[in-house]
There are 2 protein chains.
Amino acid sequence: MSATTSATTDVTVRRGGREARRAARAAPLPENMQPVRSGLEGGRYKPLSDADVLKIHNAAIDVLEKIGMADAIPSGIEVMTKAGAILNSNGRLTFPRAVIEDTLAKAARRFPLYGQDPRHDLHPWDKKVYFGTAGAAVHMVDPVTGDYRDSVTKDQFDIARIVDTLDHIHFCQRSVVCRELPDPFEMDFNTCYAAVSGTTKHVGSSWVDPRHLEASLQMLHMIAGSEEKWRERPFVSQSNCFVVPPLKFAQDACRCLEVAVRGGMPVLLLSAGQAGATAPAALAGAIVQEVAECLAGLVYVNAIKPGAPAIFGTWCFVSDLRTGAMSGGSPEQALLSAASAQMAQFYDLTGGTASGMTDSKTPDAQAGYEKAYNHALVGNAGANMIYESAGMHASLLGFCLESLLIDNDIIGATQRTIKGIDVSDEHLSIETIRKTCLEGPGHYLGSEQTLQLMQTEYVYPLVGDRSNPKEWVEQGRPDSVARAQKKLKQIMNNHYPAHIPAAVDDAIRAKFPVRLEREFMRKG
Amino acid sequence: MSATTSATTDVTVRRGGREARRAARAAPLPENMQPVRSGLEGGRYKPLSDADVLKIHNAAIDVLEKIGMADAIPSGIEVMTKAGAILNSNGRLTFPRAVIEDTLAKAARRFPLYGQDPRHDLHPWDKKVYFGTAGAAVHMVDPVTGDYRDSVTKDQFDIARIVDTLDHIHFCQRSVVCRELPDPFEMDFNTCYAAVSGTTKHVGSSWVDPRHLEASLQMLHMIAGSEEKWRERPFVSQSNCFVVPPLKFAQDACRCLEVAVRGGMPVLLLSAGQAGATAPAALAGAIVQEVAECLAGLVYVNAIKPGAPAIFGTWCFVSDLRTGAMSGGSPEQALLSAASAQMAQFYDLTGGTASGMTDSKTPDAQAGYEKAYNHALVGNAGANMIYESAGMHASLLGFCLESLLIDNDIIGATQRTIKGIDVSDEHLSIETIRKTCLEGPGHYLGSEQTLQLMQTEYVYPLVGDRSNPKEWVEQGRPDSVARAQKKLKQIMNNHYPAHIPAAVDDAIRAKFPVRLEREFMRKG
């Protein structure tokens, strides 16, 4: 009923103010006045009480003291036992409470994650929230035909350069597997190369062998200008699955972790147990196990190098227990990721978790709603680094470029909710209400307050549509995918980053097997 | 990366447990063990601090004391001035703080909203959350062609009988305008008739003239068995837009309000100001104005009949300030509705607000994400009655039957998040983790805990799809709409409620101009 009421009101009263509002909107806003920006402070949603958080912490300590971690590699055993861990008779490393507490006392806090462009530096601590990509999808999704094809290096480059243009995607972790490269070295190296060539935002990548990482570090030194410059502002972090849940170290990943820590590369300590499969089906138990694993990882990192930057990466995943398959879009996932954020806050560590992993194979209503309820809750819980937040489908098996744009709108909207409601005296608006009702036109359309707040308090979508049905029919009834396709084409045809000087790129190509063809990297 | 890891784990270990899990799932669960149910307690998301809530309350009192409400009808002026309101020299009714406080002291609390079937009774107080339909859409949406056609009485009946089958839609307020009925009496009467004939859940409806409501009450008495039985368990509430924001009483609606209160019909005191148009653009100011208006409405209801049941209906809507058009899917909407829930909690009143009003014209990704971030936040804020939560499109201008089913899944998922995380010692799972790691198979797929929790702790979608890409291709790549269409067809072909005895229906048809043809009401 109100839709009709307000529509009528609009028609009769809005004409005068509309032009003024349009003109006001034409002027670009300085960054500090924009309705949303990266790093807004969450924390207004708390799935766990303070007592719950403490219970989970104590249970995790119990798990580390009494059960511990299997399969540590010799170098890991050496540094961790030096730090106080105990290798017990069945070969598991256990961690006395004091070891965890010592680690928490010296762990790195408040370290920025740098972009190649300082404009994109992240400050992921307290309850500040950043969204980015991630994953290792093996398919690219065509949102119209539903075709799933193998992902390749060029896809990773395209993802990076699209992310480079999107306001609400704040970092770019590797999203797809370069499947045309059978050689694991070439795959690891080119994944990182494609990402850092495509964006000046902070990049995350992954390596399966320490030698691949060492070569990639050499490339990153070349881009930075020198090893010292790289170490001053490391603009790539390592996504490291150091654990095979439940409670076993992943040996290859641990070897890569040691190289990253020594090479000045921040490490995302990623534990991705799946509740009901590789973690307890009880959500609280799944969190306990992940917290224990990430605390063990933190002991490891700090035993190698006290205060080395590490992200507390509790990525508790969910199984559909009818089949055992992962359900990244489930509401249980939202609870787990939001609770993870609270655990990182409890430790005052930079927390990383996952949100936005729909089970849908295509950018349909299900993809939209699964991503949105996850983002709304995980974002408002104040997770610092929200991975997997854009582009993903099929519980991480597929990536869709159009979805990057659609998801950018979801994240923008989520950020607006994180920003919250200004309840200053000015915003309470008593005087504005009084003037409007007793002296004014009886509506707020052209009021000074409305003009002032329309850009700073309201966020507008990039591809989302707010036309009325009549206008929409005139536009040819475009749905989200059609609108995203149009915008995507503009970006793909026009945004070719060139932040790495040609001479540096030449030197990289002379030294390493770069497999991303130059013709893909410039407008042709 | 973890997707690959867990997929491998699945393949190697899950075979044994899968059959057991499937068997366990075949048995129906008693209601108290189901993963979600109506009336779960929200409140873990709080966009406003306690201090913010108090500031808004005091500002609303200020507005009522100093600005007041225009356009009260004589009978309203009579009862409200008797209750202490003051008619000032410019014809506005102002409300001293003491009048508001007296009203709040005697206002109805903890009144159930009844269904024709007691199984569907609602208990909307504290922070208990119920979702339902609402609206006055003028179009039915074809989700495949994008066609918008005029809505008719049969559509309202179909909406009601579909809602009747859906677990997560707890009440059925009128959703569409019966546009084939030019006579306002016939329209009001048949809207109510179509809804109460289609579902035994609590119904909301709306009337433009007291005589229409009086006739409808007679029909409701016939269905109840007598006026006394109706008054014992009124199963229809009146959605009443008693205010034309800002701060003017709506005269026709006020006349209907008086009839409803005297007729024992609960009233939804619905204030639907639109921030930036009929309410301040500052979100806090929009809430202040709506709270003031609903408090005035509450004075009115209680002045007619102390303790008459009324729902505190702060439906703060949002304008897209570039055009003045409503934006029901915006993130600002989620903030306003969630904050509204907190204001009703502050007064310990049954609060009603709106969520799920996408701006999208069709059930695409945008529709999914706009509905989901609104539901996730408004639901977790603990709004008691969440209206407009299913089926709506185009900011309330269109209704889509397939979306009812899709939105039912969104609400089911939202309810799972509202249920939260059980952090009992048992769920912390230390012993389960110990057994699995030290004695067991090294995974949780077939564990006793997993089998026990798969139904009580995990919610499964009705139309949402969790198949893998290969299975999905084999199914013909159905998207959300295709899956909803299939399920919708089953419901439409099979669910014909017959809770109103034929003799009663005959009597109603003999006395009133029922325009819903009988052939539409039974399987034919």
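Is B:Arg233 buried, partly exposed or exposed, and what is its relative accessibility? At 26% relative accessibility, B:Arg233 counts as partly exposed. Keep in mind as you look around that this is a predicted model.

B:Arg233 has a partner: it forms a salt bridge with B:Asp121, and the closest N and O atoms of the two are 2.8 Å apart. Where do they sit? B:Arg233 is in the loop between α9 (227-232) and β9 (236-240) of chain B, while B:Asp121 is in the loop between α5 (97-106) and β4 (128-133) of chain B, so the pair ties together parts that are 112 residues apart in sequence.

**Salt bridges elsewhere**

Side chains of opposite charge can pair when their charged atoms come close. Over all chains, the structure holds 64 salt bridges. Here are some of them:

| Salt bridge | Closest N and O atoms |
|---|---|
| A:Asp158 with A:Lys154 | 2.6 Å |
| A:Asp320 with A:Arg322 | 2.7 Å |
| B:Arg233 with B:Asp121 | 2.8 Å |
| B:Asp320 with A:Arg466 | 2.9 Å |

A:Asp158 and A:Lys154 are four residues apart in helix α6 (residues 153-163) of chain A, so about one helical turn separates them. A:Asp158 has 2% relative accessibility and counts as buried, whereas A:Lys154 is partly exposed, with a relative accessible area of 24%.

Now the second row. A:Asp320 counts as buried at 3% relative accessibility, and A:Arg322 counts as partly exposed at 24%.

Some salt bridges share partners, too: A:Arg109, A:Arg110, A:Asp126 and A:Asp348 are joined into one network that way.

**Where the two chains meet**

How many salt bridges does the rule find across the interface of chain A and chain B? The count is eight. Polar contacts turn up there as well, in 33 residue pairs. On the side of chain A that touches chain B, helix α13 (residues 365-380) of chain A gives the most, with nine residues. The residues on that side of chain A divide into 64 nonpolar, 38 polar and 32 charged.

And the interface as a whole? In chain A, 134 residues are in contact with 134 residues of chain B. The size of an interface is often given as the accessible area lost when the parts come together. For chain A and chain B, the buried area is about 11000 Å², with 67% of it on carbon and sulfur atoms.

**A helix on the inside**

Next, find helix α11 (residues 283-304) of chain A. This helix has 22 residues and reaches 32 Å from its first C-alpha to its last, close to the 32 Å expected at 1.5 Å a residue. Of its 22 residues, 21 are buried, so α11(A) is largely enclosed by the rest of the structure.

Finally, look for A:Gly42, which lies in the loop between β1 (40-41) and α3 (50-66) of chain A. A:Gly42 is buried, with a relative accessible area of 13%. What does A:Gly42 touch, leaving out residues up to four places away in sequence? Its contacts are A:Lys127, A:Val129, A:Gly379, A:Asn380, A:Gly382 and A:Ile418. Take A:Asn380: this residue and A:Gly42 are 338 residues apart in sequence, but 4.7 Å apart in space, C-alpha to C-alpha.

Methods. Residues are numbered from 1 along each chain as its sequence is written. Chains are lettered from A and ligands numbered from 1 in the order in which they are written. This is a predicted model: local features need pLDDT of at least 70, side-chain atom pairs count only at pLDDT 80 or more; totals for chains, interfaces and linings use all residues. Side-chain values use heavy atoms; hydrogens and water are left out. Helices (H or I, at least four residues) and strands (E, at least two) are DSSP runs, numbered from the N terminus. The expected span of a helix is 1.5 Å times one less than its number of residues. Buried means under 20% relative accessible area, exposed over 50%, partly exposed in between (1.4 Å probe, protein chains only). Contact means heavy atoms within 4.5 Å. Buried area is the accessible area (1.4 Å probe) that two parts lose on being put together, summed over both. A salt bridge is a side-chain nitrogen of Lys or Arg within 4 Å of a carboxyl oxygen of Asp or Glu. A polar contact is a pair of N or O atoms within 3.5 Å; within protein, one must be able to donate a hydrogen and the other to accept it, and residues adjacent in sequence count only if both atoms are side-chain atoms. Ala, Val, Leu, Ile, Met, Phe, Trp, Tyr, Cys and Pro count as nonpolar, Asp, Glu, Lys and Arg as charged, and the others, Gly among them, as polar.
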